[in-house]
Structure formats: C-alpha cells, structure tokens
Amino acid sequence: MKNLIVLLLLSPFCLLAQSTETALEGAWGSSFAAADGGENTLSMIVQDGYFAMTAYGDTSGQFIATLGGSYTVTPDTFFVTYEFDSSTPENVGRTVAMPYTVTGSLLVFNGDKAWQRVDDGAGELAGAWEITGRRENGEMRRRPVTGPRRTMKILSGSRFQWIAYNTETAEFMGTGGGTYSADDGQYIERIGFFSRNPERVGKQLSFDYKIRNNEWHHMGVSSDDKPLYETWGRRPKNESK
C-alpha cells in the first residue's frame, strides 16, 4: 500500500470557484490501482478545518489505511497537521505545507490524479464532531474532549467517517465510514468500510437524532446490534490563515 500522504501530496481536486475558506470543503472521491489489477477507492472529507482521507477496496470495502487531522488554507497553500495515520504513525503531529493552484475547475497539488467532488459540505450535521457522552448500563457517562485519546466523527453533506485514535501515542484504534442521510430526525448510515470487521460493510443502520444545546444526540442500535445512545459536540473550527 502506498503511503496515503504521498497520494495526497500528488493529487489534484476538482473544485468549483469558491473562496479560500470554503473551496476545499466537502467530500471527494478518487481511486488507485490494486495489486490484483482492480481498483481501490480513495475517499476524503474536508470540513470546518479538519479532514480525513481513507483507502479501501472498491468492491469489497476492505479497509486499507486512513490519515487525517486539522488543516488551514491560504490562497496558495494547504497546511495539514496529522492527528492520526494508520499506516505511518510516526507522521502524527507532523505539519505539511502543500502548495496548490486553481485552474478553472481544478485544484492541483503537483500531480495528475484527479479527485471528483462528491458534495459541497452543506448539511445540518456537516462538520467535525467529538464524542462527549455515552449511555452505559442505563447511565449517561460524560467524556472529556481534552486529552490525547479521541473519537472524532467527520461529516460532509453526504459522507461520514469516525476515527478513534491517540495523539500522544500515535495509536490508531479503528475507523468506519460511508454514506449517510439525515432528514426529519432520522439519521441513516450505509457502511462502506469498517476497519474492525469488514463483514459489516454494506450494512445500513438507522438512528434517531436531534440537536440539543449544541450537542448531537444519536440514538439507536449499533453495528454489533447493541442499544446505543451517544452525544457529540462540534470541534472548534480552525481558521484559515
């Protein structure tokens, strides 16, 4: 598997003409050759100063690798700081500056691999979230959002990904993602990849949700068929330079 940072550095994004602040926001898709001659999928979500990039099997959904963290952007440079990298953990904490140019509908990072825009990042749940609480044995237990151990969930307008990781030890603990819809209090996930159990790929999960006191309340049955009630708070939005 190629290092995902290399794929990111050498890849252009298809864009609409937008401001520097929002030009990268949304979901993007691309692909690269698999060892068996087929194709693997690349998926990226860029939202509210955070991003996640993942590689997985195009048809199998077999997880390959993921990386991500925070970013800022200027009119000509995309600065990323890695909070997790499943394939190269020594990159955690590293900041990379990636010059880019926009020509018509293309944003180019020194390469020729195209990323196709999937959505523009619009939606009630679009953004980067961090888990703040979970019901266990009938009791809601709050989780601090400070400290190195984190569970982030990042959503564009149509795609989602959650990632569990530790910024201090650079440990990657798991991820899953795919597509979602949210309408009239119902949130539906369709799993496209899952690092812990690829047999869950293709499964659809339905939850009730509501936003209360700036928290996302997420209620239903988990992918392992257990009752689930979680709360999530938005991560502070990073400001572009």
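Strand β4, residues 50-57, is mostly tucked away in this predicted model: eight of its eight residues are buried. On one side β4 runs antiparallel to strand β3 (residues 39-47), with eight bridges joining the two. Leu42 sits opposite Ala55 of β4. The β3-β4 hairpin has two residues between its strands, and Asp48 there takes a positive phi near 55 degrees.

β4 also pairs with strand β5 (residues 63-73), again antiparallel, through seven bridges. Here Met53 faces Leu67 in β5. This hairpin leaves five residues between the strands, and Gly61 in its turn has a positive phi of about 75 degrees.

Now for the charged side chains. A search of the whole structure turns up nine salt bridges, including these:

| Salt bridge | N to O distance |
|---|---|
| Arg235 – Glu130 | 4.0 Å |
| Glu215 – Arg142 | 2.6 Å |
| Asp225 – Lys203 | 3.3 Å |

Take the salt bridge of Arg235 and Glu130: it ties the segment after β19 to strand β11, 105 residues apart.

The salt bridge between Glu215 and Arg142 links strand β18 to strand β12, across 73 residues. Glu215 has 14% relative accessibility, so it counts as buried, while Arg142, at 52%, counts as exposed.

As for Asp225 and Lys203, which also meet in a salt bridge, they sit 22 residues apart, Asp225 in the loop between β18 and β19 and Lys203 in the loop between β16 and β17. Asp225 is exposed because its relative accessibility is 58%; Lys203, at 26%, is partly exposed.

Technical notes
Residues are numbered from 1 along each chain as its sequence is written. This is a predicted model: local features need pLDDT of at least 70, side-chain atom pairs count only at pLDDT 80 or more; totals for chains, interfaces and linings use all residues. Side-chain values use heavy atoms; hydrogens and water are left out. Buried means under 20% relative accessible area, exposed over 50%, partly exposed in between (1.4 Å probe, protein chains only). Helices (H or I, at least four residues) and strands (E, at least two) are DSSP runs, numbered from the N terminus. Two strands pair if DSSP finds at least two bridges between them.
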